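Take a first look at the model shown here. The paragraphs after it lead from the whole chain to its details.

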Amino acid sequence: MRLAAILGCGVAAAGPPAECAAQTGFGQRGTPLGAAIEEARRSPFHAASRPSAINEALAAGVEGGAAKASSALQDAPQLLPVPGPVVGFTYLSAGVSHLVGSYLLFACIDDASYRSPKFGCIVGPIIPFPAVAAPAAGTEFGARKAFKASAFGWLGGAALFSVTMLASDRISNIGAALISGGAHALVTLAVLRRP
């Protein structure tokens, strides 16, 4: 009785005879194993696992892109190291020269008598340019690169000084000079690091 119940369930699970007859290989007894393997390889499930021309093209593109990216990273210019004393003296000279330059500039501007020479108005803004270039001029960077870097830093510092003075009345001349000196030093050191 149990055997009949198990067979009945198996027949019901297999489906009606028409569906069973529609299955490939039904009624073919003794199909060789090699033919069954070839039929399995032609199935859509096995074909998806084989590398296709599209997959090979994608893999080649990824490998080519990775090679280009790695060569671009290797060809990227490396930043030059700046010795610690040059960094320290650049910040020190930028701070002091911007304070002195700011003092001379505002002493000239605030002079109501207009009798004193306009020395401060001319020299005050110029003092930071050579002062910030001086620490790097005597090193392996050379004077030309040091003055070029200081020129970019001077422009950045002057722009920040002007914006700071225009933006707020609460910032003193000393504060604006220190902010512009810091910007001057940062830009100068960034340009010095470029190869």
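Of the 195 residues in the chain, 22% are buried. The model is a predicted one. Its chain exposes about 13400 Å². Carbon and sulfur atoms supply 69% of that area.

What is the chain built from? It has 10 helices and zero strands. Read along the sequence, the pattern is one α after another: α-α-α-α-α-α-α-α-α-α. Contacts also reach across the sequence. Take those between residues at least 6 apart: 66% of them join residues at least 24 apart.

Start with helix α8, which covers residues 128–137. Which of its residues are buried? They are P128, V132, A133, P135 and A136. These residues span an arc of only 150° around the axis, so they sit on the same side of α8. An α-helix has 3.6 residues a turn, so residues three or four places apart point the same way. What covers the buried residues of α8? The cover includes α6, α7, α9 and α10. Helix α9 runs over 142–167 and helix α10 over 173–193.

Now turn to α6 and α7. Helix α6 holds residues 84–109, and helix α7 holds residues 119–126. How many disulfides does the structure hold? There is one. C108 and C121 form it, with their sulfur atoms 1.7 Å apart. The torsion about its S-S bond is about -95°, so the disulfide is left-handed. The two cysteines can also be placed by their accessibility. C108 has 8% relative accessibility, under the 20% cut-off, so C108 counts as buried. C121 has a relative accessible area of 28%, and is partly exposed.

Stay in α7 for a moment. G124 is found in this helix. Is G124 buried or exposed? Its relative accessible area is 2%, so G124 is buried. Look past its neighbours within four places in sequence. G124 is then in contact with G101, L104 and F119. G124 and L99 are 25 residues apart in sequence. In space, they are 9.3 Å apart, C-alpha to C-alpha.

Next comes the surface. Which residues form a nonpolar patch there? They are F89, L92, V96 and V100. Together they have about 370 Å² of accessible area. F89, one of these residues, has its place in helix α6.

Last, find L80. Where is it? L80 is in the loop between α5 and α6. Helix α5 runs over 53–75. At 31% relative accessibility, L80 counts as partly exposed. Leave aside its neighbours within four places in sequence, and L80 is in contact with F141, K145, L192, R193, R194 and P195. Consider P195 from that list. L80 and P195 are 115 residues apart in sequence. Yet in space they are 6.2 Å apart, C-alpha to C-alpha.

Go back to the model with these points in mind. Find the disulfide of C108 and C121. From there, trace α8 and its buried residues, including V132 and A133. Then pick out the patch that includes F89 and L92 on the surface. End at L80, in the loop between α5 and α6.

Key: Residues numbered from 1 in each chain as written. Predicted model: local features only at pLDDT ≥ 70, side-chain atom pairs only at ≥ 80, totals over all residues. Heavy atoms only, no water. Disulfide = S-S within 2.5 Å. Helix = DSSP H or I, 4+ residues; strand = E, 2+ residues; numbered from the N terminus. Buried < 20%, exposed > 50% of the residue type's maximum accessible area, 1.4 Å probe, protein only. Patch = residues over 30% accessible without salt bridge, like charges linked within 9 Å, V, L, I, M, F, W, Y side chains within 5 Å. Areas by Shrake-Rupley, 256 points an atom, 1.4 Å probe, with all protein chains shown as cover. Salt bridge = Lys/Arg side-chain N within 4 Å of Asp/Glu carboxyl O. Arc of directions from axis to C-beta. Contact = heavy atoms within 4.5 Å.
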